[in-house]
Every structure is written in structure tokens, then in C-alpha cells.
Amino acid sequence: MESLALNTEVRLAVAQCFRTLTTSTDTKDIITTLQTLHSYLDEGPEGRTTSVQRAEFRRSHFTRTLQFLVSNIQADWLRSLTAAQRTELWDGLFLKGPPEQALLVLMEGIGELRASTNLDHLVSITEKFLQSGRLAELLWSYCLETGPSDSPQLRETLLGRIVALPDLTANRLHPKNKPLFLPQQYHPLLATAMLTALERTCQALKDGTDCSLTFVAQTLGKVCIQGHSGLVLAVMAPRLSACTRSDMVWQRVCWKLLENVPQQWMESVLTGLVQAVSGPDALGKIIGNLVLTNKKAQFVITHKLLLLQYKYETQVLRIVLGYLAADRERRPLLIQVLRSVSQAWANPSAVKHTPLEQQLYVSKALLLSVSLLRDSELQELRSELLQCLLGGMQSHLDSSVVRIRRMGMVVGECLSSRMDINNTKLKFEYDQDEESQELLSLMTPIAGGEPEAEPEAEPANGVDSPQETGETTPSTHNVSSQNKSNTEPDSDLDSDDELTPYDMSGDQEIMEAPPPRYLRDCLETLISSEDAGHVELSLRAAEGLVRKNVFATREVLALAAQELSKPINEKRNPSMGIAASTDLTLYPGDNPVHWRQVVEKRIQSKTKRLRKGATQPQAKATPNRYAPVAGHFFFPLLSNYDKPQVTFDLLGGDHLVLGRLIHTLGLFMHLAINAPIAAQMGCALLDFVWAVRYHVDQMVRRGVLFAVCSVFLSMPSQNLLVDLSDQLFETRTWLADVAEGDPDADCRSLAVQSLVLLDKSLKKQLQDHQALSMEP
């Protein structure tokens, strides 16, 4: 009964204040009434109102009071106040009292008011609300759980207003939005407010006061799931790392904070956090053993960040794997990750169908995992790693992509060096680039980035990269041993008198240069060399090279086609040009043509024109020497592709040869543009490539798409509609699927280009048809 009477008393008093503000014209009454409302929000000793009345006003009447003020923002009584009185008495009501209620009313008013000075007034109050630290007060009130018990719907609405404030204000105030409401300023401000709430929580726990981090965790999760984890955690992560380095209370608070993040938002928080922290030790201090107690966190850390996503930098891999290796209880997860990553790396299907960037990402994860193993763990996993090494090497070396083959070589070298199988280490010859050097460096631990070594545990150090192990070739070893023997004091080889001369009677004269081993080198020598010896060697080796390497011969058939398709350039002898120039007369009058040219040149130089056309003569049309013989290049190369040869099988395992063959045919098609036989070549080429358009090898798929581009570019548009009308719709559907879902980026790009060429050709043909139909 007492609470009911108290509620009635406060409700009547508030209603009387509303009537006074609505009806009174006396400024003194207005000021007195506003001061009465302020008295319900005072924090000091009891005066006009008791603490019980203040609590009742905050719980039941504060929101209604603010809504009344916003609805009367255009009233005459408000305009009768001075600017100082309005700021103190009217604006001050929004900056006191429960901050969550004030924020909701402010955002509701901004959404309802039209562009006017009244809207600007509410916007300025919202700015003061944020600048005065009311967000931190809001979060802290939920940590202490001093606010009223709200419904889940109200809490969700409040979270939405806090997190989406930049979006709400941008939609309402654009293009006059305030800088404080922009994401670049607001989200760091929100991060600072969360840090303030966490600091107060730590102090309260030290003082023996219980706190709840549920609402702060929900705020962190919601702001991260909406894509702002980078801005928020860039502020929070360094501070949390510094505070958790030696303070156990801070560590407990951070662990509890992460535990209270809702499951649907856990991934966004963790992915943002691993990118924001400085190293694995900092991550471990902030999240603790969260991967052992939270299934969602374990899935994100041990699977999704390593096998399903590949957009992160190498530092993220170092942090994630180093975090798993840093604690005794988490090391079984490191072994589990190593098994998963090794299986993914050695999977032949993954090598063929996953993007190259993802394969590189998995290779980095594999090498980093192996480098973090202890020797005892390596012995237990030796058989599994050996199986991974053999299978993965075979899959990578069989690929037609150079980067994938080089990737397999580097990983194979590193794994064999780490496992040290029978004191044998794999060694490959490949061109080192930044990618391979980075892979090699992953086996060498970074100073300060590894977990602290436990006294009773074996060191988890990696091994030196194969390029840095000091391996010596036999020739180097012989030279070094010989130098060593020459410097020994007991050596008896100081005199040359005991050396026996070699018998050189049967020696043969060694030619200055070896014969060419490649057809291209042979051709270059025959074309450009003036050395009779080199030419003779090339002529002797030419027949054998042609018969030995049919594929290279066909490729040089490609170069000949390009040469024939180019216009004829008349090359003049420089000596003849000089002689002709000396025959010119010294007097312009003796040569009327020359005289006219001189005069015309002077006129051109002294004449000013607003628009100057082309002064160079148009290029002279020349016949395409390739057009008459295009079929002789194209159709023999296309024949017998489905018959296995002794040396290779195009439709079998020789993917590289098939890809180059299709690319060469596409080149022949492109060079035959405007040739009479182009339509026939295009139909034959599309029929050929259609059977292999879904080939597992990306090099073959690239060749197919290049050939399709060449057909659309070289075939006349009318022939596309007439000869290929039945295939165009299905071809267009296939190209759209490739452009959207092919794992290879080059294939997607080529598919888009093919679609553009096809649409352009069809559009041109339709326009020509409409023009013909409109003619009388």
C-alpha cells in the first residue's frame, strides 16, 4: 500500500508539472516547474524530494517526462527562456537520470522530427550526451544491475540504438551529419566507453562488489557482427593486452566478457580479436582457455580460420597456432589442427578445385604447425606426416600451374628437413620468389613470438630452412676438403716434382659451344647467328629436335602464324637511305615537288586552327598473309586429339599439353579474324572445347575460355547467329556459371570477357538487322 501511495503521489506531482508547463505564461512558473523536475534527478542530499520519490520517478516517469519535452519543443514557454536557462533546465534533463531512457527518447525524436531548428536542437543534445561520457554510464549501470529489470525486447532495442547510431543519424541527417556520429569517431568512442565500464568492474571486484558483464558482452558482439570490429578492437585490444599482462583480475574480467558473448556473434569477435592483438601471448591472456569451454570458439579457432577462410595475413596464422601451442591444455588442439591441415594440403581434389590463394594459406598453416611441434610430438606424428608428404608432393607436382608445383617443392623441402628421415633431405631446383621465401621463413621462429618454454618440456623450436642449413654440393665439399688437406702440416704434397704428367695423346678437340638442346634456341641461332660453327651445330641438331619434341614444334607453328598475320613492313637499307639523301638538290627551285612541300610546311607552321585533323597519311591496307593458309595451321593441329599417342594422352593425364594445345588453337582463331574460313574454324573449335569445358585442371579451363573469347572476337556476328544459334544460349549460361563460381580468378575474368564479347556481337547483329528492316 505504501508503494502504491508513493507511486500515486509522484504521478500526481508530475502531472501537475505538465499542466503548469502547458498552460502557464509566467516565466517564473516555468522555471520553477523545470527545477522541480530536476529535483527528482538530483544525486545529493534529500531536499524537495526524497530518495524513494527519486527512484520512483526514474523508474516510472522519466521517459514520459522526456517525451513530453520533445513533443513541446515548439511551445512558446520554451522560447521564453534564455539560452542559458534552456541549456541548464531543458537540455539538462536529458543529461541526467537513466542514460538508456534518455538515449532512446533522443533517437526517437531525431527519427520523427523534420529538418528544422528543433531537430538541430535534439542533435546538439545527443552530441553532448556522447561527449559527457553518458555511454560509459549506461554500460556501467548494466554492470551494476542498478537499472530496472527490462524486457528482452527493450534490451534488444537499446542495443540496436547504441550500435547502429551512425547509420540512424546518417539516414536522417544526411548530408548534414555531425562528425561525431560518423563510424570513424563514434565506434572508437563506444570502445572507450566499454573499456571504462570494464575498468570500473575490475575496481568493483577488488572492492568486493559483484558485477555483470552480460550487456557489455552483448554490445561488443553486436557491434562486431555489424562489421565494425576493426574500429572497436583497434582501441580495445592494446588496452586489454596491457592490462592483462600481469593483472589476474583483468584476466578474469576479460575471460568472463568473452564467455558472455552470444554464440551467434562469437565468430565476429574472435576474428576481429586475432587481427587486433600483437601476438599469441596477448591473445592467450585475453581469451584464456575459451577454446576448451566454448564449442563455437573452438570451431572458429581450430577450423574456420585455418581451413575455410584464407583472407587473413600470415601474422594471424602465427597468432592462432602460437596460441594453441602456448598452453599444455591447448596443445592437443594443435595436434588436431596439424592433422586436419595436412590432410587438406595432401588432398588431390583440393589441389585441383580450390583457389590458389587458399592452397598457399593452407601451406603456411601446415609449415607453422610443424615448426611448433616438439620432438616427441614429431615422433608420434612421423608416419602421418610422411604420408602427407608423399601424397601431397605427388598432387602438387602433377599440377600444370607453376606456383602450385613450386609450392609443393618448398613444403616438401621443409617437411623433409624437419622430419630428418634417414638423414635425407629433399632438394629441388626452382626459382625463388617472395612467395617461396616467405614459406621457407615460416620454419624459423620469430624472436618474441613463440610461447615461453616450460622447464620440463622439450623445446618447440623449428628448424632452419633448407636454403639456410648449410648443405653443400659434392663439388663444394670436394673443394673444401682439398683446401683443408692443403693446409694440414703433415701434407706431403708441397712439391710438384712427384706429379706424373697425364697422357694427352688420345684427347679430342672440344668444340667451343655445345649443340642446341631446344628447338627455339636452334631457330634463333639459324636466324640471327653469324658464327659458322654455331650454324653448323644447329643444322645438325634441327631434325632430331623437330622429331623429338612435336609439341615445341607446334608452338613455333604458332609463332609463324603470328608473323604471317602482321602487315608487311618494307625495310630499307640504311646505306641506301643515306645515298638517296645525298642525291637531293640543294636548290628548292630545281625540284617543284620539294618546293611545294617546303611552302606547305611553312604555311602549316604559321596557321592557327581551332581544330586540327590528322596530318599523318592513313595506313596503307595490306593483305593478311595468314588468311589463305589459316586452315593449314588450324585443322591439322585439331585432328587426332582423342587418340592416345605413345608419348602422351591429351584426354588422359597430360593436362599441360592439352591446355597449351587449346591455347594455340585459340591463337590461330584470333589471328584468322575476317578470314573467309573463320566461321568454319570457330564452329570446329567450339565443338572441340565444349567437351572439356569442365576440366579439373585450371590451365585447361583457362585455355577453353581463351578459345571461346577468340571465337566471339573473330567470327562475324551474322555467323554467330546462323551457325551457332543452337549453342549460344547454353554457352551463355555456362559462361555465367563460370564467372560466378569458378575457383580460379583468371577463369572468372575470362568468362566475364567472353560474356561481354558475346553480348556486344549479338547487339551489333540485332542493330544491323533492324537497320536493314527499316530500309524501303
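This is a predicted model: local features need pLDDT of at least 70, side-chain atom pairs count only at pLDDT 80 or more; totals for chains, interfaces and linings use all residues.
**Entry 1: isoleucine 162**

I started at isoleucine 162, which sits in helix α10 (residues 152-163). Is isoleucine 162 buried or exposed? Its relative accessible area is 0%, so I noted it as buried. Leaving out residues up to four places away in sequence, I found that isoleucine 162 touches Leu103, Leu135, Leu138, Tyr186, Leu190, Phe215 and Thr219. I also looked up valine 223: it is 61 residues from isoleucine 162 in sequence, with 8.8 Å from C-alpha to C-alpha.

**Entry 2: helices α12 and α13**

Next I took the pair α12 (residues 183-206) and α13 (residues 214-244). Their axes come within 8 Å and cross at roughly 80°. Which kinds of residue make up the contact of α12 with α13? I have 16 nonpolar, five polar and two charged. On the α12 side I listed Leu190, Met194, Leu195 and Leu198 among the residues in contact, and on the α13 side Val223, Leu231, Val235 and Met236 are among them. Leu190 and Thr219, both touched by isoleucine 162, also take part in this helix contact.

**Entry 3: arginine 339**

I then moved to arginine 339 in helix α20 (residues 331-346). With a relative accessible area of 34%, arginine 339 is partly exposed. Not counting residues up to four places away in sequence, arginine 339 touches Leu381 and Glu384. The C-alpha atom of leucine 366, 27 residues away along the chain, is 9.1 Å from that of arginine 339.

**Entry 4: salt bridges**

How many salt bridges are there? The count comes to 19, and I looked up several.

- Lysine 128 and aspartate 91 meet at 3.6 Å, N to O. Lysine 128 is in helix α8 (residues 117-131) and aspartate 91 in the loop between α6 (83-90) and α7 (99-112), so the pair ties together parts 37 residues apart in sequence. Lysine 128 is partly exposed at 30%, whereas aspartate 91 is buried at 4%.
- Lysine 364 and glutamate 438 meet at 3.3 Å, N to O. The bridge joins helix α22 (residues 356-371) to helix α26 (residues 434-441), across 74 residues of sequence. Here lysine 364 is buried at 11% and glutamate 438 partly exposed at 28%.
- Arginine 702 and aspartate 744 meet at 2.9 Å, N to O. Arginine 702 is in helix α36 (residues 698-714), and aspartate 744 is in the loop between α38 (725-741) and α39 (745-774). Aspartate 744 is buried at 7%.

Conventions:
Residues are numbered from 1 along each chain as its sequence is written. Side-chain values use heavy atoms; hydrogens and water are left out. Helices (H or I, at least four residues) and strands (E, at least two) are DSSP runs, numbered from the N terminus. Buried means under 20% relative accessible area, exposed over 50%, partly exposed in between (1.4 Å probe, protein chains only). Contact means heavy atoms within 4.5 Å. Axes are lines fitted to C-alpha atoms, for helices over the stretch in contact, and angles run from 0 to 180 degrees between N-to-C directions. Ala, Val, Leu, Ile, Met, Phe, Trp, Tyr, Cys and Pro count as nonpolar, Asp, Glu, Lys and Arg as charged, and the others, Gly among them, as polar. A salt bridge is a side-chain nitrogen of Lys or Arg within 4 Å of a carboxyl oxygen of Asp or Glu.
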